[in-house]
Structures are given as C-alpha cells and as structure tokens.
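Have a look at the model first, then read on.

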Amino acid sequence: MIFPPNLDLNTLNNWGKNTMTDFLDIKFTQIGEDFLEATMPVSDKTKQPLGLLHGGANVVLAETLGSVAAALTVDQQKQFCVGLEINANHLKSVKDGLVRGITKPIHLGKKTQVWEIKIYTENGELSCISRITMAIIDKK
C-alpha cells in the first residue's frame, strides 16, 4: 500500500471543498493499494460549446487525481508536491453521463513522481489518457 492506511474517501473529498474540484463535482470513489479513482459528471459545467466533454475538464480531473495521489505518498509535515507538467490525449468524445478517472504511479522518486491517469466513459471505454509529473519540494 502506497497510501496511508487510515485514509478514507471523506477526507479526500473534503480536501477539495470550495475549489475547482468542488465546482466540477469531482468525487473520489475508491482508494486501492496503488491507485485512486474519482468521477466527474459530464454536465453544463464540464462541456464545451459543441456539447462534448471539454478537454480541459479532463485535465482538471487528471491533475486532481495525480496531485492528490502524489501528496498522499510524501510526509506532508516535511514535503509538498506541485505539478511540473501534464499532458492528455483525448481519444473518445463524451456527451453525457459520468467519467471515471484512475491514477497509478509510474515513478515514485525522491524529487519527482510520474502518474498515469486513464479516464473512462460509463461504458468502460477509454476516453482520455494523461500523464502528470510532480515535483516534491521540501518545506522550509
């Protein structure tokens, strides 16, 4: 298990109160041994003018998952994590429903981390794949 053993979904969902995560209705739904999962509704808040899920909303979901996961793997009394780079490939358009993102680590280093995020439609089709690189910074 790479995350704290006493971690619960309420804690994760409360971290995002009054932030973009809250505004877009992103909800953490599962904590695994080496992954986090969250959902986001495809709604007026997350669609672009053609009625499709906005690519930027996918990136917000991906960055939320990767950033939170990274923060959970460091000693938060001594370190914090910030994003260095994120990319996303949008593979399938989504018009409605709920998308589900899952993040897993690719690299957990002392100064950087790399996380992969896959976003799926309600039918389980891969709609976006993203990768985020996080910097681990010592608190002073």
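## A loop with a positive phi

Asn18 sits in the loop between helix H1 (9–15) and H2. Helices here (H or I, at least four residues) and strands (E, at least two) are DSSP runs, numbered from the N terminus. Phi of Asn18 is near 60 degrees, a positive value in a residue that isn't glycine. Asn18 is also exposed, with a relative accessible area of 75%; the cut-offs are under 20% for buried, over 50% for exposed, and partly exposed in between (1.4 Å probe, protein chains only).

Before going further, some ground rules: this is a predicted model, in which local features need pLDDT of at least 70, side-chain atom pairs count only at pLDDT 80 or more, and totals for chains, interfaces and linings use all residues. Residues are numbered from 1 along each chain as its sequence is written, and side-chain values use heavy atoms, with hydrogens and water left out.

## Overall build

The chain has 3 helices and 6 strands, and along the sequence they follow the pattern α-α-β-β-α-β-β-β-β. For 140 residues, a compact globule would have a radius of gyration near 14 Å, and the chain agrees with its 15 Å. That radius is taken over C-alpha atoms, and the globule rule is 2.2 Å times the number of residues to the power 0.38. Along the principal axes, the C-alpha atoms fill a box of roughly 45 × 25 × 25 Å.

Of the 140 residues, 40% are buried. The chain exposes about 7,700 Å², and carbon and sulfur atoms supply 51% of it; accessible areas come from the Shrake-Rupley method with a 1.4 Å probe, and for residues only the protein chains shown count as cover.

## The core

The largest nonpolar core has 31 residues, and those with the most contacts inside it are Leu36, Met40, Leu61 and Val99. Strand E2 (36–41), helix H3 (55–72), strand E5 (112–120) and strand E6 (126–138) each supply at least two residues of this core. H3 gives the most, with 9 residues. A core of this kind is a set of buried Ala, Val, Leu, Ile, Met, Phe, Trp, Tyr and Cys residues joined through side-chain atoms within 4.5 Å.

What is Leu36 in contact with, leaving aside its neighbours within four places in sequence? Its partners include Phe3, Leu12 and Phe28, then Leu65, Val68, Ala69 and Leu72, plus Gly101, Ile102 and Thr103.

## Charged pairs

Side chains of opposite charge can pair when their charged atoms come close. The structure holds 4 salt bridges, each a side-chain nitrogen of Lys or Arg within 4 Å of a carboxyl oxygen of Asp or Glu. One of them joins the side chains of Asp25 and Lys45 (3.5 Å, N to O). This pair links distant parts of the chain, 20 residues apart: Asp25 is in the loop between helix H2 (20–23) and strand E1 (27–31), and Lys45 in the loop between E2 and H3. Asp25 is partly exposed at 29% relative accessibility, and so is Lys45 at 42%. Phi of Asp25 is near 60 degrees too, again positive in a residue other than glycine.

Glu37 and Arg100 meet in another salt bridge (3.4 Å, N to O). Here the link runs between strand E2, which holds Glu37, and strand E4 (residues 98–108), which holds Arg100, 63 residues apart. Is Glu37 buried or exposed? Glu37 is buried, with a relative accessible area of 10%, whereas Arg100 is partly exposed at 28%. Lys111 and Asp138 also form a salt bridge (3.3 Å, N to O).

Thr133 lies in strand E6 and is buried, at 18% relative accessible area. Beyond its neighbours within four places in sequence, Thr133 is in contact with Val82, Gly83, Leu84, Glu85, Gln113 and Val114.

Val82 turns up again in a nonpolar surface patch of about 200 Å², together with Phe80 and Ile137. Patches are made of residues with over 30% relative accessible area and no salt bridge; like charges are joined within 9 Å, nonpolar side chains (Val, Leu, Ile, Met, Phe, Trp, Tyr) within 5 Å. Phe80 is in strand E3 (residues 79–90) and is partly exposed, with a relative accessible area of 36%.

Methods
Contact means heavy atoms within 4.5 Å.
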